[in-house]
Amino acid sequence: MSVTSSELMATELLRLVTAGSVDDGKSTLIGRLLYDTKQILADQLEHIEETSQRRGDGYVNLALLTDGLRAEREQGITIDVAYRSFVTARRRFQLADAPGHVQYTRNMVTGASTADLAIILLDARKGVVEQTRRHSYIAAILGIPHVVVAVNKMDLVDFSEERYRAIEQELRETSERLELRDVRVIPMSALRGDNVVERGEGMPQSMAWYDGPTLLEHLETVEIAGDRDLAHRRFPVQWVIRPISDSHHDYRGYGGQVAGGVWAAGDDVVVLPSGRRSRVAAVESLDGPLDLAVAGMSVTIRLEDALDVSRGDMLADPMESPTVARELEATVCWMAERPLEPRTRLVVKHTTRTVRAIADELLSVVDIHTLEDQPSPERLELNDVARVRFRLAEPLAVDSYAENRATGAFILIDESTNDTVGAGMILSAMS
Amino acid sequence: MIQVPVHLSHLDELEAEAVHIVREVAAELERPVLLFSGGKDSIVLLRLAEKAFRPGKFPFPVMHVDTGHNFPEVLEYRDRRVAELGETLLVASVQESIDNGRVVEETGPRASRNQLQTTTLLDAIEQHRFDAAIGGARRDEERARAKERIFSFRDDFGQWNPRAQRPELWNLYNGRLRRGEQVRVFPISNWTELDVWQYIARENLELPPIYFAHEREVFRRDGMLYAVSEFVERQDDEDPFTVSVRFRTVGDMSCTGAVASEARSLEDVVAEIAATRVTERGETRADDRASEAAMEDRKRVGYF
């Protein structure tokens, strides 16, 4: 695939996460995506050809493309989330490859937090297994707008339509229960290359019953622009720009990344948590004033009034402002070896504001086998997903995660080790 | 209803992410420094810092780890560029580390100062008490990098432990250090070589001239073309010849190979990169050809 540079300058970025275990052929699938989109360059291919031969694989093992660290190659396992890029004529892709077995929740939540789309892989011989439901569950709580279920190894079930339809039916039930809105199921064989990028040789006969897109066709065309929150203006102040130079004596700009809505000069603003009001004097970048800025852009906003605004404050639409909360109820994924006990003191980092908090009550924990809530757990263990009520030492301006992934998310930090020990998604907030 | 351009391009998104990261480092760390080599990736970093802090000044100095074997064109560019920006340039010198006996110079035709940079960098970090160093490394460069976090924590010895990395969620970076720790921050982690070139073209950034095709006296070694210079000892069979080349990466003259090229403009280079069939490190960096895990090993001892 040859792509001219001018075409490439304006392509959209799609962030995706892949979930599934090595046994489902995930590394092979990613290898296939990279290989068939011509991302693998001659020296990399030569390298995996050599390694495949040395290991006696008997074929060019595309799974080797994703081995990163020495320990992984030596032990044949994947340790950590790997980030990879590839590009086609239609889109630029950023892929977070989350290993499936060890610490799957922590890894998948990490990769999923920024994803527009999740690829959940399953083995057509095994169908929907516990892990499939878990991955779907994580995709649901992380609010990933689009899900693709890759039904892999179709060649090992003789490309049976009946088998595929049964899996599809089961997936439909899971998706409905988890309220996943956009789920696309695609039958494929990553090893043979069928339905990943190309239809594949022999495909017309063997899977003539499937008339949907290949995986790549779907990734290239799924509509993601509408996923941005353009309705509710949110701007966490990240950095105050005050040059105090002769040419910019009275300049006071607020640098940050727009977390929601469309911003333009003249917009009314409330500063939270103080509640002071002002108006946007200008939305700027290095190139000068901008007509408007939308969610995702890093810009500088100036206000008409000289208010005392600093890092950690949130600028918002006064008509539809976030909740200034002292108490939060949130879905928490616990990521530390040390269990979370009730009444533990933690640090919450939410947008650009960091406050102390107490995990007042562990309301329920999800049974990872049945995906049902078990009330009042004594503690949370590594990889547990639970509902937790927090009391905050200082107020935070928040939305629910379902409404806004930027202003509804936080991380938990252990003050004694400074480690990141959890991820939180706000369900509700009380002032 | 106003019509809103909701389609941000991939360059817009990558830029927004990187500017956010640069501002986070400035806000969360006490004494950051931005590493600038005069290479294309760090040139992009300087631009991102302008985007993050103008009309204010950078809230950190700019530092170059100078091996003493750099291309003169790049050093000239480095000094001029930082002066134009009105920012502070610090130079940490490998030559001084050698003179002070901190490191021992390799000898022979394959001698390189690449490994020695690590000591000089760590010494400079300690001397200036920097707690964060912002660098231009990218995940697509090398496979150990694909697993490295954007905020990459290092222990007292500057070592990276890939098994003990903090999870990195949303755009919420945890910049808190343990005692004795420092952090390397890579704002353009998610950029590819092509993204960098496209961004340079979009922003119309000036580059050192060696990135564009020029006539140069070179010699061939291990299938790569090296510039003839006082810093590299040629062996008997390594005869010099003159050919049109450009450099795809810019590092030490002793370990950076040139590629035969006629690409004399930015547009030509972007087209050439889009069509290339070899990775930049595979084509031009002798340091990464040393072993299968060359980069991983160097990172573990404190390399960038």
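Predicted model: local features only at pLDDT ≥ 70, side-chain atom pairs only at ≥ 80, totals over all residues.
## A guided tour of chains A and B

Residues are numbered from 1 along each chain as its sequence is written, while chains are lettered from A and ligands numbered from 1 in the order in which they are written.

**Stop 1: the strand β4(A)**

Select residues 117–123 of chain A. Helices (H or I, at least four residues) and strands (E, at least two) are DSSP runs, numbered from the N terminus. Is β4(A) enclosed or open? Seven of its seven residues are buried, so the rest of the structure largely encloses this strand. A residue is buried if 20 or more other C-beta atoms lie within 10 Å of its own, exposed if 12 or fewer, and partly exposed in between; the C-beta atoms are placed from the backbone. Colour the two faces of β4(A) separately. One side carries L117(A), I119(A), L121(A) and D123(A), all buried. The other carries A118(A), I120(A) and L122(A), also buried.

Seven bridges pair β4(A) with strand β5 (residues 146–152) of chain A, in the parallel sense. Two strands pair if DSSP finds at least two bridges between them. β1(A) also pairs with β4(A) in the parallel sense, over four bridges. There, look for T18(A) opposite I119(A) of β4(A).

**Stop 2: the whole sheet**

Move on to strand β1 (residues 12–19) of chain A. It runs parallel to strand β3 (residues 91–97) of chain A, and seven bridges join them. Pick R15(A): its bridge partner in β3(A) is Q94(A).

Show all the strands together. The sheet is open, has six strands and mixed pairing, and reads β2-β3-β1-β4-β5-β6 (chain A). Which strands stand at the edges? They are β2 and β6 (182–187) of chain A; each has a single partner strand, so one side of each has no neighbour in the sheet. On average, neighbouring strands of this sheet are turned by 25 degrees against each other, direction ignored. Axes are lines fitted to C-alpha atoms, for helices over the stretch in contact, and angles run from 0 to 180 degrees between N-to-C directions.

**Stop 3: a helix pair in chain A**

Select helix α6 (residues 130–141) and helix α7 (residues 161–178) of chain A. Their axes are 10 Å apart, and the packing angle is about 35 degrees. From α6(A), the contact uses R133(A), S136(A), Y137(A) and A140(A); from α7(A), it uses T174(A), S175(A) and L178(A). Two residues are in contact if their C-beta atoms, placed from the backbone, lie within 7 Å. By class, this contact has three nonpolar, three polar and one charged. Ala, Val, Leu, Ile, Met, Phe, Trp, Tyr, Cys and Pro count as nonpolar, Asp, Glu, Lys and Arg as charged, and the others, Gly among them, as polar.

**Stop 4: the domains of chain A**

Zoom out. Colour chain A as domain 1 (5–227), domain 2 (234–320) and domain 3 (323–430); the bounds come from an automatic or database domain assignment. The C-alpha centres of domain 2 and domain 3 of chain A are separated by 29 Å. Across that boundary, 13 residues of domain 2 of chain A touch nine residues of domain 3 of chain A. On the domain 2 side, β7 (234–236) and β16 (314–316) of chain A each supply at least two residues. That side holds seven nonpolar, four polar and two charged residues.

**Stop 5: where the chains meet**

Show chain B as well. Here 60 residues of chain A are in contact with 57 residues of chain B. What gives the most to the chain A side? Strand β2 (residues 82–87) of chain A does, with five residues. The chain A side has 29 nonpolar, 19 polar and twelve charged residues.

**Stop 6: chain B**

Chain B has nine helices and ten strands, and 53% of its 304 residues count as buried. Colour domain 1 (10–194 + 293–300) and domain 2 (207–288) of chain B. Their C-alpha centres lie 23 Å apart. Between them, 24 residues of domain 1 of chain B are in contact with 22 residues of domain 2 of chain B. On the domain 1 side, α2 (40–53), α3 (72–85), α6 (193–203) and α9 (294–300) of chain B each supply at least two residues. The largest share is that of α3(B), three residues.

Finish on α6(B). Among its buried residues are W197(B), Y199(B) and I200(B). Just after α6(B), check N204(B), which has a positive phi of about 55 degrees.
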